[in-house]
Amino acid sequence: MKPKALLLSCSTGGGHNSCAHAMIKHFEKNGWDTQFLDPYTLDSRKTANLVGGAYVHLIQKYPKVFYGLYKAGEWYEKLENIIPLPSPVLDVQKSTSRRLLDYLRKNPVDLIVCTHMYAGMMITLLKEEGLRLPPSILITTDYACIPFETQADCDYTCIASKDIEDEFLKWHLDPYEVLPLGIPVDPEFEKTVNRKEIRKKLELPVDKTLLLLGSGSMGFSSITKDFEDLEAFLEGHKDVNLLVMCGHSDDLYLQLLQEGHEQIKPIPFVDNVYDYVHACDVYLTKPGGLSITEAAAAGTPLMLVSPIPGVESANAEYFERKNMAFYARKPEEIIPFLEQLLNPQIARAMVMAQKHTLPRHSGQAVVDFASALVHLSPTKKSQAFIP
């Protein structure tokens with residue numbers, strides 16, 4: 001019988017779900033059966049939407065408040081390491097963890113993979129009850145250890161790079177249980193493609209320099225404030241076109257269509273982002289951990305703009321430090337960086353830095369590890385845990 005994996009994720013931003021669905025492709029390509037679950041839907045679809053929606057609303061409307069909470073979380077976690085304190089993030093997962101237990105009883109699996117720390121915390125709570133669960137892996141999706149993440153005590157924690165291993169080990173994780181395998185992406189990003197053929201497929205000009213402006217799954221925020229400078233840049237570079245990934249922002253898509261700028265093409269929400277990343281010469285994007293890893297996997301020159309304060313700033317700083325991207329901290333830095341990225345030598349050097357710095361084929365590496373783990377595990381599929 002095929003081994004079965006349960007992928008658990010939550011909709012606080014699209015990266016976690018995208019990582020889970022990428023892993024589904026990798027597992028199924030290797031002969032596994034898979035299930036995807038947002039555990040909050042076990043409470044209700046309304047609860048799942050509330051959890052994801054509250055996070056997105058906070059990020060979009062009150063980024064400074066979010067940053068304040070992020071820093072408060074860092075300080076609280078440091079205090080927890082000194083004196084015993086209740087974990088506010090772990091405690092709120094208790095009711096959902098009980099529903100997850102019921103789900104696992106009815107749907108036994110050989111492996112649990114969490115791409116969000118909330119799901120990992122639910123597994124932690126069940127393990128603390130002494131239940132014998134299937135082997136579990138937490139996949140982190142950023143280039144930093146974020147507050148409370150190490151409280152998700154799965155059997156193994158997959159991190160983005162060996163460079164950040166010490167950030168996790170300082171919280172007393174077992175070094176043998178930390179896997180620096182990288183952030184898994186959809187295998188479509190890892191393919192070698194013919195750029196001209198991709199552009200023809202997408203009905204894009206094959207003889208122009210294409211800039212791709214993306215904002216992640218949550219739509220645009222401060223990125224749109226930089227449009228005036230970008231439009232001025234385009235006026236001086238008639239051989240350059242700008243593709244704007246509008247995500248779920250229908251208003252922005254309609255606005256750009258109505259404006260009808262001959263060098264700007266709005267793209268509505270699509271499920272083949274990888275084609276556009278392969279097609280472009282330069283990708284300007286918010287530094288979500290998954291988005292920038294996808295671009296690096298595709299070998300695309302990067303400029304990072306408008307990070308969510310906290311973890312996305314850390315992502316941008318890491319890519320900048322490793323020469324894998326330019327990080328525009330101020331709007332006035334965007335155009336000078338663009339001018340540099342239009343230099344083929346600079347663009348090639350950035351792509352080579354991406355290639356030599358990040359782990360390659362991370363999704364397959366996770367599957368290979370999981371296959372060995374399940375093969376060695378005494379847990380049987382017919383008895384996923386002992387009630």
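Buried here means under 20% relative accessible area, exposed means over 50%, and partly exposed covers what falls in between, with a 1.4 Å probe and protein chains only. The areas themselves come from the Shrake-Rupley method with a 1.4 Å probe, and for residues only the protein chains shown count as cover. The model is predicted, so local features need pLDDT of at least 70 and side-chain atom pairs count only at pLDDT 80 or more, while totals for chains, interfaces and linings use all residues. Residues are numbered from 1 along each chain as its sequence is written, and side-chain values use heavy atoms, with hydrogens and water left out.

Salt bridges make a handy place to start. Side chains of opposite charge can pair when their charged atoms come close. The rule used here asks for a side-chain nitrogen of Lys or Arg within 4 Å of a carboxyl oxygen of Asp or Glu, and by that rule the count comes to 16 salt bridges. One of them joins the side chains of Lys 25 and Asp 186, at 2.7 Å from N to O. This pair links distant parts of the chain, as Lys 25 belongs to helix α1 (residues 14-29) and Asp 186 to the loop between β6 (178-179) and α8 (195-201), 161 residues apart.

Another salt bridge brings together Asp 155 and Lys 127, at 3.0 Å from N to O. Asp 155 lies in the loop between β4 and β5 and Lys 127 in helix α6 (residues 117-128), so the pair ties together parts that are 28 residues apart in sequence. Asp 155 is partly exposed, with a relative accessible area of 25%, and Lys 127 is partly exposed at 26%. The side chains of Lys 238 and Glu 235 also meet in a salt bridge, at 3.2 Å from N to O. Here Lys 238 counts as partly exposed at 44% relative accessibility, and Glu 235 is partly exposed with 46%. Elsewhere, salt bridges that share partners join Arg 195, Arg 199 and Asp 281 into one network.

Charge gathers on the surface too. Glu 128, Asp 153, Asp 174 and Glu 177 form a patch of negative charge there. Patches are made of residues with over 30% relative accessible area and no salt bridge, and like charges are joined within 9 Å, nonpolar side chains (Val, Leu, Ile, Met, Phe, Trp, Tyr) within 5 Å. Lys and Arg count as positive and Asp and Glu as negative, with His and the chain ends not counted. The place of a charge is taken as NZ of Lys, CZ of Arg, CG of Asp or CD of Glu.

Phi of Phe 148 is near 75°, a positive value in a residue other than glycine, and at 8% relative accessibility Phe 148 counts as buried. Asn 323 has a positive phi as well, about 60°, although it is not a glycine. Asn 323 lies in the loop between α13 (311-321) and β12 and is exposed, with a relative accessible area of 54%.

Now for the strands, where two count as paired if DSSP finds at least two bridges between them. In strand β1 (residues 4-8), 4 of the 5 residues are buried, so β1 is largely enclosed by the rest of the structure. Strand β1 runs parallel to strand β2 (residues 33-37), with 5 bridges joining them, and Leu 6 has Gln 35 as its bridge partner in β2. Strand β1 also pairs with strand β3 (residues 111-114) in the parallel sense, over 4 bridges.

An open sheet of 6 strands has the order β9-β8-β7-β10-β11-β12, with parallel pairing. At its edges stand β9 (264-267) and β12 (326-327), each with a single partner strand, so one side of each is left without a neighbour in the sheet. Strands β7 (residues 209-213) and β8 (residues 240-245) pair in the parallel sense over 5 bridges.

Definitions and conventions
Helix = DSSP H or I, 4+ residues; strand = E, 2+ residues; numbered from the N terminus.
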